Amino acid sequence: MTHDPNVLAPTYTRAAERGPAPRFTIPDSEMDPGTARQIVHDETMLDGNARLNLATFVATWMGDEADRLFAETYDKNMIDKDEYPRTAAIEENCWRILASLWNVPDVKASIGTSTIGSSEACMLGGLAFKRRWQLARRAAGKPTDKPNLIMSSAVQVCWEKFCNYFEVEPRYVPVTDEHPSLDGSQLEQYVDENTIGVVAIMGVTYTGRYEPVQEIAAALDALQEKTGLDVPIHVDGASGAMIAPFLQPEVEWDFRLPRVHSISTSGHKYGLVYPGVGWVVWRTLDALPDELIFRVSYLGGDMPTLALNFSRPGSQVLLQYYQFLRLGREGYTAIQQECQDVAMYLSKGISEMGAFDLWSDGSDIPVFAWRLKPGYTDKWNLYHLSDRLRMKGWLVPAYPMPDDMSDLTVQRIVVRNGLSRDLADELLDDIRAETAWLDGLSSPMPTEGQRPGFHH
């Protein structure tokens, strides 16, 4: 009896599949689906463990029921509102829930949309600012060729992209030791008749701190009274817009402030949904120029669509609604509080080690950063500690602060749902052990080729 080596041969030993998989050209012949899957699976084994990735804000766990729902709905196209009208209706449910959560004066008079992530949501907020400013300038017979947008030098890179892609001059207010975030104190040096808006950040990516939106709004109120310039605010709440309503409801940062025209957030960060989904909501219909809205018919009615992307997944939108239903205010509060408790537990532990000074403590969003104490050692730096922790499986990034403070290097931890107190204790033990190892060096560690482990 002749043996067929393709029948029982283990993966990778079938005659047609021996040798390396093609990387840059499509193969000539078919491959067994099990082998193809195994090749991709094995490639991704070389990635870090997502649960131990303390650099990312993005959700890495949702649970079995969410995973089932994801698998049942991954084929829905969010842009096809005529074919998937119930998914479109659920999208509207979600942004109206957020509008209410953010204290919009009249939910029925507001407008919003889902996006691929908060970066797209930010760009839509910026586009609304630019178009609204252009329309007002044209109506007044004034030029529209020099729009500018004011923001902290610690903004997320999506705002740099917005200004580049849509030809808006970015005006960065520098962060300093005295003013570690945009606080309104210097705005009059930057605002002029060409300013389309100001960006305020609820949860600075570098440090986790909230920018004081209420103080920024008050500064702009005073500036309007002095100059007549009426400058709106967009709140980039990528993280904090899903933290503050539950943990700091007394803080006025949202639509309670009339100057706040729009708010964006990441559903796939502290919205607790797999990537990628974001949201943006405008206070009123007239805050979003109508010419940016495209209208499609569904169920015999009218559905506005205004995202930059066209075809995109509908499953994450459905997962967002699932989380709203599943957790409610009580569940979100419990999860965000636990994340903050763990963040402050970790930051306290690190502050007690003697080698580090906290730059933030996790009391705003569950994110904190620290620096090496000045003069502590000449043998190692935070990049070395980051490398040592990576050998234990932890991804804890080290990176320089923005341009005006680029000589300061910090290390940061993002606490997400799933980082338990037990894991936090193991992390602290590893930081202590690796710091002790570095302290025991008799000569300096090499610094050639060091680079930030995180790009904002």
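In the predicted model, Phe368 has Ile413 of strand β13 as its bridge partner. Helices (H or I, at least four residues) and strands (E, at least two) are DSSP runs, numbered from the N terminus. Two strands count as paired if DSSP finds at least two bridges between them. Strands β11 (residues 367-372) and β13 (residues 409-414) pair in the antiparallel sense, over 4 bridges.

Residues are numbered from 1 along each chain as its sequence is written. As the model is predicted, local features need pLDDT of at least 70 and side-chain atom pairs count only at pLDDT 80 or more, while totals for chains, interfaces and linings use all residues; side-chain values use heavy atoms, with hydrogens and water left out.

The protein chain contains 11 helices and 13 strands. Its C-alpha trace spans about 90 × 65 × 45 Å along the principal axes. For 456 residues, a compact globule would have a radius of gyration near 23 Å; the 25 Å of the protein chain agrees with this. The radius is taken over C-alpha atoms, and the globule rule is 2.2 Å times the number of residues to the power 0.38.

The antiparallel pairing of β11 and β13 belongs to an open sheet of 4 strands, in the order β10-β11-β13-β12. Strands β10 (356-358) and β12 (398-400) form the edges, each pairing on one side only. Neighbouring strands are turned by 40° against each other on average, direction ignored. Axes are lines fitted to C-alpha atoms, for helices over the stretch in contact; angles run from 0 to 180 degrees between N-to-C directions.

Two helices pack on this sheet. Contact here means heavy atoms within 4.5 Å. Helix α9 lies across β10, β11 and β13, and runs at about 10° to β11. Helix α10 touches β10, β11, β12 and β13, and its direction makes about 35° with that of β13.

Helix α11 (residues 421-439) packs against both of these helices. The axes of α9 (residues 315-351) and α11 come within 10 Å and cross at roughly 20°. α9 is therefore roughly parallel to α11. Angles under 35 degrees count as roughly parallel, over 145 as roughly antiparallel, 65 to 115 as roughly perpendicular and the rest as oblique. The crossing of α9 and α11 is right-handed. A crossing is right-handed if the near helix is turned clockwise from the far one by less than a right angle, and left-handed if anticlockwise. From α9, Asp341, Val342, Tyr345, Leu346, Gly349 and Ile350 take part. They meet Arg421, Ala424, Asp425, Leu427, Leu428 and Ile431 of α11. By class, the contact holds 8 nonpolar, 1 polar and 3 charged residues. Ala, Val, Leu, Ile, Met, Phe, Trp, Tyr, Cys and Pro count as nonpolar, Asp, Glu, Lys and Arg as charged, and the others, Gly among them, as polar.

The axes of α10 (residues 382-391) and α11 also come within 10 Å, crossing at roughly 125°. That angle makes α10 oblique to α11. This crossing is right-handed. His384, Leu385, Arg388 and Leu389 of α10 meet Asp430, Ile431, Glu434, Thr435, Trp437 and Leu438 of α11. The residues divide into 5 nonpolar, 2 polar and 3 charged.

Another open sheet has 7 strands, with mixed pairing and the order β1-β7-β6-β5-β4-β2-β3. The twist averages 20° from one strand to the next. Strand β4 (residues 195-201) pairs with β5 (residues 233-236) in the parallel sense, over 4 bridges. There, Val199 stands opposite His234 of β5.

Helix α4 (residues 85-101) packs on the 7-stranded sheet. It touches β1, β6 (260-266) and β7 (278-282), and its direction makes about 60° with that of β7. Helix α5 (residues 118-139) lies across β1, β2 (148-152), β4, β5, β6 and β7. It runs at about 160° to β6.

α5 also packs with helix α6 (residues 157-165), at an angle of about 45° and with the axes 9 Å apart. α5 is therefore oblique to α6. Their crossing is right-handed. α5 contributes Ser119, Cys122, Met123, Gly126 and Leu127 to the contact. α6 contributes Cys158, Trp159, Lys161, Phe162 and Tyr165. The contact has 7 nonpolar, 2 polar and 1 charged residues.
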